[in-house]
Amino acid sequence: MTYATIERPAAVLADRLDHSVSLICYGYNEEDSISDFFGRAVDLLESVVTDYEIVYVDDCSTDGTWQLAQRVARENSRIRVVQNDRNHNVGFSFKRGVSLAQKEYLFWQTIDWSYDLSDLRIFLELLDHFGVVVGIRPVPIRLLAYVPVVRSIYRVRTRSDDFIRAMVSLANYYVLRLLFGLNVHDFQNIQFHRTKTLQSFELHGESSFLGIEMMIRARSIGLDLIEVPIKFIPRSKGISKGIRLETIWKSCRDIARNWIAWGWRFRLEGRGGHGRIYRLLEPAFLDEKVIVLCAPLFKRFR
């Protein structure tokens with residue numbers, strides 16, 4: 001299988017967004033998934049934007065993942081791959097990928113393609129209107145779904161690969177909501193940023209805590225956020241590392257350190273900053289152009 005740039009008809013090329021985009025990804029021992037990932041990523045980006053790059057950070061894999069990544073990079077100059085000196089875990093790899101990004105916009109995806117990017121063009125276009133576009137797992141529009149705790153029950157089934165992982169994810173969400181007071185519906189999903197802005201943040205997180213930290217940093221400088229529905233896709237290959245005891249411990253330690261260092265102050269100040277959080281299900285607060293742009297997304301809440 002080759003990963004060279006796909007040749008597309010002129011009509012398709014003309015319809016692509018005139019923005020450059022960096023896709024960040026990182027992995028550890030993902031030889032069963034990485035080839036499919038690069039194939040899907042190249043195909044998706046070729047269909048949406050005129051200029052892109054894929055930055056892959058290998059967290060010192062011990063299987064054939066790094067060799068596969070190097071081969072793919074040789075076949076497609078838009079793919080750049082680097083390897084850590086040792087296994088550092090998620091936070092280090094993510095921040096290294098962000099630091100290497102060179103395009104106008106930036107987002108990420110997991111190697112097992114956990115998030116549905118069918119509406120990628122809309123998400124990128126929303127960056128013309130908002131500072132950050134935040135993915136949330138969509139909840140069906142039901143009366144009971146507006147009750148905070150009951151809303152979470154609706155989300156369990158589609159939150160992760162299985163019930164245990166979903167409960168760990170949900171527990172993490174409520175701990176972060178309680179400690180930091182940020183009123184968003186998801187901290188563990190994809191986000192879309194302007195690359196230079198994200199690179200200007202001094203990020204202290206070393207785990208999945210980075211998701212909430214990026215949103216807090218963005219709001220503190222006055223950037224508005226908008227939540228968009230991005231469905232979780234269960235893993236079909238490879239092994240998830242998210243609920244290993246070592247991973248959970250590092251995440252808990254990371255949350256505690258950051259809350260002690262600065263999070264409590266943010267919590268005391270209320271919601272902090274000047275940036276506002278917008279939601280599709282609150283259209284009265286959205287600009288008409290945004291509502292028109294997001295019209296195809298409303299069906300995700302059915």
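Is Glu206 buried, partly exposed or exposed? Glu206 is partly exposed, with a relative accessible area of 44%. Keep that residue in mind, as we come back to its partner in the last view; please also remember that this is a predicted model.

**Figure 1. The whole chain, as a setting for the close-ups.** The chain has 302 residues, and 51% of them count as buried. Its secondary structure is made up of 11 helices and 8 strands. Among contacts with a separation of 6 or more, 79% are between residues 24 or more positions apart. The accessible surface amounts to about 14400 Å², and carbon and sulfur atoms contribute 56% of it. Salt bridges number 13 in the structure, and the following views pick out some of them.

**Figure 2. Glu46 and Arg16 form a salt bridge.** Here the two side chains meet with an N to O distance of 3.3 Å. Glu46 sits in helix H2 (residues 34–48), while Arg16 belongs to the loop between helix H1 (10–14) and strand S1 (17–27), so this pair ties together parts that lie 30 residues apart in sequence. Both partners, Glu46 and Arg16, are buried. For Glu46, the relative accessible area is 2%, and the residue counts as buried because that value is under 20%.

**Figure 3. Glu46 also meets Arg78 in a salt bridge.** The N to O distance for this pair is 3.9 Å.

**Figure 4. A salt-bridge network takes in Arg16, Glu46 and Arg78.** Which residues are linked in this network? They are Arg16, Glu46, Asp51, Arg78 and Lys103.

**Figure 5. Glu206 and Arg257 are joined by a salt bridge.** Now we return to the residue from the opening question. The side chains of Glu206 and Arg257 meet at 4.0 Å, N to O. This pair links distant parts of the chain, 51 residues apart: Glu206 is in the loop between helix H8 (195–200) and helix H9 (210–220), and Arg257 is in helix H10 (residues 245–268). Arg257 has a relative accessibility of 47% and counts as partly exposed; Glu206, at 44%, is partly exposed as well.

Technical notes: Residues numbered from 1 in each chain as written. Predicted model: local features only at pLDDT ≥ 70, side-chain atom pairs only at ≥ 80, totals over all residues. Heavy atoms only, no water. Helix = DSSP H or I, 4+ residues; strand = E, 2+ residues; numbered from the N terminus. Buried < 20%, exposed > 50% of the residue type's maximum accessible area, 1.4 Å probe, protein only. Contact = heavy atoms within 4.5 Å. Areas by Shrake-Rupley, 256 points an atom, 1.4 Å probe, with all protein chains shown as cover.
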